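Subject: Structure handover and notes

Dear colleague,

I am passing on the structure we spoke about, and you will find it directly below. Please look it over first, and then read the notes that come after it.

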Amino acid sequence: KMSDQENVEDVQEEIEEEEDDEQLSDKDILRVVKHFLLSSPPGEFEDVLADVRDLVRNDELLNTGARDIFHSYNVEQLIPVDVTDDEGKNLYKTILCKYGEIDEKTYLDPRSNKILTVDHTKASVLKIVDNDEDEDEEIKTKRVALQKECDKYLEAQ
């Protein structure tokens with residue numbers, strides 16, 4: 001059985017041989033990269049990304065062209081991010097999902113009713129600001145009760 005390193009080397013050799021015949025456009029490269037990354041098994045994203053970096057050998061292209069891939073992966077895989085206080089102490093985690101998404105970089109944290117600005121490439125919160133919209137009291141009461149029950153369940157695990 002071939003090791004992962006041998007597989008990567010074989011693919012690199014094939015790519016180098018094909019480069020003489022036909023050069024892929026940046027758009028085509030990013031399309032293949034997106035397929036590899038979004039198809040990576042749960043928990044293996046970083047390993048697949050490292051292999052893709054070895055194959056592509058163009059960090060500038062990956063850094064500029066892959067931002068939407070990170071966003072898609074984080075939202076589809078429900079990646080948790082740490083929510084911290086002003087001193088940087090972790091308070092809890094919140095999940096990045098389409099239901100809390102305001103736009104590509106900002107999310108509503110249902111627990112605190114604050115707006116989080118997220119860096120998808122690092123899966124981290126960059127900024128937390130107050131939500132200007134008032135929360136409906138009936139919804140807030142139900143949300144707080146549900147959060148309390150979820151916290152009790154998680155503590156018991």
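Predicted model: local features only at pLDDT ≥ 70, side-chain atom pairs only at ≥ 80, totals over all residues.

Of the 157 residues in the chain, 26% are buried.

Helix 2 with helix 3

Helix 2 (residues 26–38) and helix 3 (residues 45–56) have axes that come within 10 Å and cross at roughly 155°. An angle over 145 degrees counts as roughly antiparallel, and helix 2 and helix 3 are therefore roughly antiparallel to each other. Their crossing is right-handed. On the side of helix 2 the contact is made by Ile-29, Val-33, Phe-36 and Leu-37, while helix 3 contributes Phe-45, Val-48, Leu-49, Val-52 and Val-56. Sorted by class, this contact of helix 2 with helix 3 holds 9 nonpolar residues, with no polar and no charged ones.

Helix 2 with helix 5

Helix 2 also meets helix 5 (residues 67–76), and here the axes come within 10 Å and cross at roughly 20°. Angles under 35 degrees count as roughly parallel, and helix 2 and helix 5 are therefore roughly parallel to each other. The crossing of helix 2 and helix 5 is right-handed. Leu-30, Val-33, Lys-34, Leu-37 and Leu-38 of helix 2 meet Asp-68, Ile-69, Ser-72, Tyr-73 and Glu-76 of helix 5. The residues of this contact divide into 6 nonpolar, 1 polar and 3 charged.

The buried residues are Ile-69, Phe-70, His-71, Ser-72, Tyr-73, Asn-74 and Val-75, and what covers them includes helix 2, helix 3, helix 4 (59–65) and strand 3. After helix 5 comes Leu-78, which has a positive phi, near 55°.

The hairpin of strand 1 and strand 2

Strand 1 (residues 80–84) and strand 2 (residues 90–95) run antiparallel and are joined by 5 bridges, with Thr-84 having Asn-90 in strand 2 as its bridge partner. The two strands form a hairpin with 5 residues between them, and in its turn Gly-88 has a positive phi of about 90°. Leu-91 has its place in strand 2. Since its relative accessible area is 48%, Leu-91 is partly exposed. Apart from residues up to four places away in sequence, Leu-91 touches Val-83, Thr-84 and Asp-85.

Strand 4 and strand 5 run antiparallel and are joined by 6 bridges; Lys-114 stands opposite Asp-130 in strand 5, and Ile-115 stands opposite Val-129 in strand 5. The hairpin of strand 4 and strand 5 has 4 residues between the strands, and in this hairpin Ala-123 takes a positive phi near 50°.

His-120 in the loop

One further residue deserves a look of its own. His-120 lies in the loop between strand 4 (114–119) and strand 5 (124–130). The cut-off for a buried residue is under 20% relative accessible area, so His-120, at 7% relative accessibility, counts as buried. Leaving aside neighbours within four places in sequence, His-120 is in contact with Phe-70, His-71, Asn-74, Leu-96, Glu-104 and Tyr-107. Phe-70, His-71 and Asn-74 are among the buried residues of helix 5.

With kind regards

Methods
Residues numbered from 1 in each chain as written. Heavy atoms only, no water. Axes fitted to C-alpha atoms, helices over the stretch in contact; angles between N-to-C directions. Parallel < 35°, antiparallel > 145°, perpendicular 65-115°, else oblique. Left-handed = near helix turned anticlockwise from the far one by under 90°. Contact = heavy atoms within 4.5 Å. Nonpolar A, V, L, I, M, F, W, Y, C, P; charged D, E, K, R; others polar. Pairing = 2+ DSSP bridges. Buried < 20%, exposed > 50% of the residue type's maximum accessible area, 1.4 Å probe, protein only.
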